[in-house]
Structures are given as structure tokens and as C-alpha cells.
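Reader: I would like to learn how to read a structure like this one. Where do we begin?

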Amino acid sequence: PEVAAPLPLTSFMMDSTLKTALPKINILGPDDAGYDEERMRCWNKDVIHRPAAIVQPTTTEEVSQAVKVASSKKLDLVIACGRHGHDCMKEGAMVLDLGKMTEVTVDKKSMTVTVGGGARLGDMDKVCQQHGVACVTGTNPDTGVVGLSTHGGAGYLSRQYGLAADNFVAAEVVTASGAIVHATPANEHKDLLWAVAGGGSNFGVITALTMKAHPMDHVYGGLVINVAPTVAMATRVVRTWRDWMPTQPRTVSVMCVLPCGAPVVPMAVVESDQALVPQAAGAKASLSCSPALQQAFGSGCGAFGACVSVKMLGRKQYHTELQPQLEALQAEGHHYMSSVNVPHLTDTMVDALVAAARIDHPGGGEIILFSLTGAVADAKVESVAYAGAGRGKSTVWIVIIGSWKPDADGANRAKTKAWVQRVKEEMKALGGAESAHPLEGNMDADQGGLVQQVWSSNELRLREIKAKYDPDNFFKCNRNIKPTAAAYPVHS
């Protein structure tokens, strides 16, 4: 059974309930100094609203206290970690801002990394570099580790080591009752660890996440700008990349981008094999250190059928040079996003994507193609909650990003939103599946009806686990998984 709709906070409730009940926690309301500055610190300016309260705990125990208050008063609670999520500053809500919980620790003996619930990729990279290890993460240092990872999480190391969700070792979770639960693959909460590995924020507030670490220091890579001025040439580049990528060594990752209105097909490139790339201090490296990249980009002509390729490649420190390379291109602004997983990127799909980016586009944005092959395809669909279009051997994750400059009547946003939605629906009509992207459609409408498409055959198990840990569906500001009617004990 579900509780009634969550109550909006009023100024009176803010003063009389939250600040009284949580005296040791910093709480910002609309009348407090620093409130506007805090609520504006979001990557996507399209999802900034006026929450009733921004609650900033510093410990798991404080998170527990805040959840107990919100749950008992049936308040509308949303979670902010890296502040990229769709509703991190929801109108009238109580925002549980984990931004002060950013600790990162590395255990070289167990080869694990543990991050606080508010840590960002950049926080993780800074500490991991000191120990010569890396975790599977995304490609923007500003992104929250927990938010990205619990929705799957793909990055430069995914073909080698799987998704971020495939690398979970343990999670500390505050459930709807305020209970603090430590979930591992070997304890009584192993089902909870399975569920958060792809199920997002449906099951509680993750205050600490432990992931597998992998040896990583210097890599070879960077950016390649493939000049393809015609639609036909751009189509050839994408099709050739599609056929080439799944056949390459798992240490090779090449992400393909179709920027709106531009006569180029940029690619983010990396060879992460620590044996192939020279690791000694001051060592030099050339394209020849990676046979796969040499074969793709080593000729004098354009790569993948482009007329010319501008190669900005070299030996790079993974954490400080490769990871931040797209940060300027993924800058904060007004964005509308969606994504879809396709089991195979067909010629018809490629034609439609190139046409959308080159011919019928809103002016700003891009379509990103990410190959979920290699180790990602090794995992069985039921291994973690993330389903990912069946974990096929040639799956491609398509991320559609529309960007605009705000105007007085909202026409730019409307045009951009329509384009993003149209491209997504085209891909779904051609066989694509919903993804669990945390910024999906900026959550303009209820996304609950799409749950089966997102989690596929894992949906029923997820609903059962939801009933066990959140039977009243308190955590619902997400791609919501509704609990089954089955009776489970409530943790207290």
C-alpha cells in the first residue's frame, strides 16, 4: 500500500519541525542566508526550483535522523548528491543534501574504494591517483559517484571492468524507517546491495558506497575530431565505428559523438592497458603503443571514413588528464536529456541519428554513442538490478542531450525538448529500450509506467525488495519502483 501524497513543507513547518527536530544539522530555508546560492549550485539549470528546506547532514547518523523526521511527517524528500539529478532541488520539497559527505578512502589490501554519499567523480579521482587505482565511473568529474553508479554507470573503463554497478562491494543505506543498514554480498542484506546496483534511489539513502578498485595510472588517449562534412560521410563514420568497437581489446574505449549542426564526428579515445602504455615517470608514448588505436587512427587519411581526422592523442595520467578532458564540453547550463539502450545499432538507427543531428536539430546539443560491450556484456541480466537492454554483445547506449539559452517565452526549451523526445521515440520504435538515466526527460512527468522497460526481467524481484525495505514507497522521487503487496518485515 502507498501512503498519501507527500506533504509540501511550509515556512512554519520548517521552523517548528525541522530545525527543532534536527538542531545539530545545518538547514537552509528560503529566508536564510546562503539558501539561493545553495539551490543554484546545480549542473542542469533546468531543474532548479525552490525547495522548502535544504538539509545538510555530515554523518550517516544525521542522515538517519533527517529521514526519520521526513518519514514520520510524510514530507516530500529528495536526495542531492552531485546535483546532476532531475529533482535535486524540487519545488517545495525537503532536500537531503549529501554534499558535505565527500570522504574517499582507498584500501589497497582489499583493492576497494569507499566514497561518501556526496562524493563526486573528481573527489574520487584525486584520492585514487595517490594509490594508483581507479574505479569504473563516468566521464564528468562534477558528477556524483553514488547517483551515477546506482543507475548503472558507464565510463572509459567499462569495456574492461564492466559497469560501475557491476563493481559494488558494499553499501551503507539509510532506509525509510531511518534504520542504518550495511549491505554486502554475504550478509542478510545482500538483496539490498543487488537492488541498489541499478535500482537508483528507490531503496534508501546511500551514505557510503564501496567499489572494486583496479590498477590505473597512465593511459594513452584523448580526443579525435573526425571531419565529415556530408550526411553520407558522417553516416559512414558512425557505421564503421559501430562495427569496429565490439571487436577490439577490452582495454580500448572509443566514445562517438554527433554534435548538433557541426560537420564533425568527435571521439573520446583511450587505451588503458597498463602493460602497453609506458608507466615510468617521464616516459614517452606514441600511437604505436596500442595496436588497436594504431590500426584505427594511424593512417594518414581520416579515421573510420572521415575525410580527415584531427588527433589530439598522447600519454595521459588517467585521473588528472583523461578524466577531466570533457569537463569543458559538459559544462553546466540548461539541458534536457534522455537516453535509450539499443541491443544493436542498426543502419536505420544510424541514419535517423545522423539526420537528427545534422538536419533536423534545435541548434544546441549532441547525441552520444557509448559501446556497452566487452565486460559489460559478460554479466548476466540477473547479476545486478541493471538490465541494460539484455546485456547483448553489441549494445549501444544512446544519450540525447539538448541544450539551449533561456528566452522569455520558453520557446527554445520547448523546441529542444520536442527534439530530444522525438529522437528517443524514433529509437524505441526501432527496437531500443528505456534506460535508468537519472536525468531522464528532466522527469517532467511520472515515469513509473516505464519501469518494466527499464529493469526488464528484474522488475519483480526489485518490487519485492522494495516492499521489504520501503513498503510505503517513501522514496519515490525517481524512476519509481512500486513495492509488491507481499508482506515483509519493516526494518526499524
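Author: We begin with a helix: Thr416 sits in helix H13 (residues 411–429). Helices (H or I, at least four residues) and strands (E, at least two) are DSSP runs, numbered from the N terminus. The model is predicted, so local features need pLDDT of at least 70 and side-chain atom pairs count only at pLDDT 80 or more, while totals for chains, interfaces and linings use all residues. Residues are numbered from 1 along each chain as its sequence is written, and side-chain values use heavy atoms, with hydrogens and water left out.

Reader: Is Thr416 buried or exposed?

Author: Buried means under 20% relative accessible area, exposed over 50%, and partly exposed in between (1.4 Å probe, protein chains only). Thr416 has a relative accessible area of 1%, so this residue is buried.

Reader: Which residues is Thr416 in contact with, leaving aside neighbours within four places in sequence?

Author: Contact means heavy atoms within 4.5 Å. For Thr416 the partners are Pro362, Gly402, Ser403 and Trp404.

Reader: How do strands pair in a sheet?

Author: They pair through backbone hydrogen bonds, either parallel or antiparallel. Two strands count as paired if DSSP finds at least two bridges between them. Here an open sheet of eight strands runs E15-E12-E14-E13-E17-E18-E16-E19, with antiparallel pairing. Its edge strands, E15 (308–317) and E19 (433–434), each pair on one side only.

Reader: How many bridges join strand E13 and strand E17?

Author: E13 (residues 252–259) and E17 (residues 365–371) pair over four bridges, in the antiparallel sense. Pro259 has Glu366 in E17 as its bridge partner.
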